[in-house]
Amino acid sequence: MTKKEFMDALSWQLKALPKKEKKSSLSYYEEMIGDRMEDGMSEEEAVTAAGTPEEAAEEIFKGLSLIDKARMTISKGGRTRNATKTEKVLFWLSLPILIPLVIAAVSIGLTLFIVSWALFISWCAVVAAFILGGIGAIVLGIAGFVRGGIAGRLMLIGAGIACAGVGLALIPTVKPLFKLIKKTVKFSIHKEADHEA
Amino acid sequence: MDIQLKRGLLEVCVLAAIKDADSYGYQIIKDMKACVEISESTLYPILRRLETDGLLTVYSVEHMGRLRKYYRITDAGRNRIEEFRQDWQEILAIGRFILGEGETE
């Protein structure tokens, strides 16, 4: 392999690296091969001594600090580079569409959020109504605020107990529903965020 | 040698290679040949980490029409070598324990 072939192959192996890292790595190997040749080795010997481009790349990647690796992952494995002029212009031109889209997404998200929680609060109100209504009926029945004498009072008390019973039976549904709504809201908000990204 | 063991030792080894005089990549490899064969692929990440940790600094010198990178040890680097002097006693003691030498029965 010639020096140029080695350097080209290594450059290809390192294409995922940020520009600075790549340049530093390449110049290191270029220098090393050059030094060996200066020492009297032939080009082929010097390149062989450097190992294969794959091995060199592997050691370089292994040697990256966690911060470098995190930076590479954030830029989605591509090279971090500044936006080109064209990209910048396109961005500003796209704003008339982009801004309404963002507003729409945010509105949808907000609506989902409000509606979901409104549903939950309504349900809690229903359960509370059953219980409170039931208690109210029991109290009124006992106090006698009903026509029909004893039978009427008993009926009201009975209805009250039944009503409160339903309410009490429904109480265990509140917590799971809360968790479900929380999960659904989180999930849909992330979906919205992903769509925008 | 076990790779974990080697990695720690190699870093201090590289520092020792530049402690008396600034040196460059290929020269460091040649100097270290006295005790260990190291390839440039292994040396590169070591040099990078030493630089990141502030144990050496890098500068470029023009040499025969191209740029050659020289490495200079820092005070922190010298401290690291001193720390190794103490580590070495511990390593010897652990070695004796592992190999069961010098133990009174």
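Helices here are DSSP runs of H or I with at least four residues, numbered from the N terminus. With that in hand, here are some notes on this predicted model.

1. **The nonpolar patch and A:Trp92.** A:Trp92 sits in helix H6 of chain A, which covers residues 85-143. Its relative accessible area is 59%, so A:Trp92 is exposed. Together with A:Phe91, A:Leu98, A:Val102 and A:Val106, A:Trp92 makes up a nonpolar patch on the surface. The accessible area of these residues together is about 480 Å².

2. **Chain A overall.** Chain A contains seven helices and zero strands, giving the pattern α-α-α-α-α-α-α along the sequence. Of its 197 residues, 25% are buried. The accessible surface of chain A is about 13,400 Å², and carbon and sulfur atoms account for 71% of that area. If you look at contacts between residues at least 6 apart in sequence, 66% of those in chain A join residues at least 24 apart.

3. **Chain B overall.** Chain B has four helices and three strands, and from the N terminus they come in the order α-β-α-α-β-β-α. Buried residues account for 33% of its 105 residues. About 6,700 Å² of chain B is accessible surface, with 53% belonging to carbon and sulfur atoms. For contacts in chain B between residues at least 6 apart in sequence, the share joining residues at least 24 apart is 47%.

4. **A negative patch on chain A.** Four glutamates, A:Glu5, A:Glu43, A:Glu44 and A:Glu45, form a negative surface patch. Which helix gives the most to the negative patch? Helix H3 of chain A (residues 43-49) does, with three residues. A:Glu44 is in helix H3 of chain A, and its relative accessibility of 52% is over the 50% cut-off, so A:Glu44 counts as exposed.

5. **A:Trp12.** Another tryptophan to look at is A:Trp12, in helix H1 of chain A (residues 3-13). A:Trp12 has a relative accessible area of 56% and is therefore exposed. Between A:Trp12 and A:Glu54 there are 9.9 Å from C-alpha to C-alpha, although the two are 42 residues apart in sequence.

6. **A buried glutamate without a partner.** A:Glu31 belongs to helix H2 of chain A, residues 19-38. Is A:Glu31 buried or exposed? A:Glu31 is buried, yet has no salt bridge. The nearest side chain of opposite charge is that of B:Arg68, 4.9 Å away, while a salt bridge needs a nitrogen and a carboxyl oxygen within 4 Å. Leaving aside neighbours within four places in sequence, A:Glu31 is in contact with residues of chain B, namely B:Tyr24, B:Gly25, B:Arg66, B:Leu67, B:Arg68 and B:Lys69.

7. **Salt bridges between the chains.** The whole structure holds 16 salt bridges over all chains. Side chains of opposite charge can pair when their charged atoms come close. One of the salt bridges is between B:Glu40 and A:Arg36, with the closest N and O atoms 2.5 Å apart. This pair joins two chains, because B:Glu40 lies in helix H3 of chain B (residues 40-52) and A:Arg36 in helix H2 of chain A. Both B:Glu40 and A:Arg36 are buried.

8. B:Arg68 forms a salt bridge with A:Glu38, at 3.6 Å from N to O. The pair crosses between chains, with B:Arg68 in strand E3 of chain B (residues 66-73) and A:Glu38 in helix H2 of chain A. B:Arg68 is buried because its relative accessible area is 5%, whereas A:Glu38, at 37%, is partly exposed.

9. **A salt bridge inside chain B.** B:Glu11 and B:Arg49 are joined by a salt bridge through their side chains, at 2.7 Å from N to O. This one links distant parts of the chain, from B:Glu11 in helix H1 of chain B (residues 3-17) to B:Arg49 in helix H3 of chain B, 38 residues apart. B:Glu11 has 17% relative accessibility, so B:Glu11 counts as buried. B:Arg49 has a relative accessible area of 30% and is therefore partly exposed.

Notes: Residues numbered from 1 in each chain as written. Chains lettered and ligands numbered in written order. Predicted model: local features only at pLDDT ≥ 70, side-chain atom pairs only at ≥ 80, totals over all residues. Heavy atoms only, no water. Buried < 20%, exposed > 50% of the residue type's maximum accessible area, 1.4 Å probe, protein only. Contact = heavy atoms within 4.5 Å. Areas by Shrake-Rupley, 256 points an atom, 1.4 Å probe, with all protein chains shown as cover. Patch = residues over 30% accessible without salt bridge, like charges linked within 9 Å, V, L, I, M, F, W, Y side chains within 5 Å. Lys, Arg positive; Asp, Glu negative; His and termini not counted. Charge placed at Lys NZ, Arg CZ, Asp CG, Glu CD.
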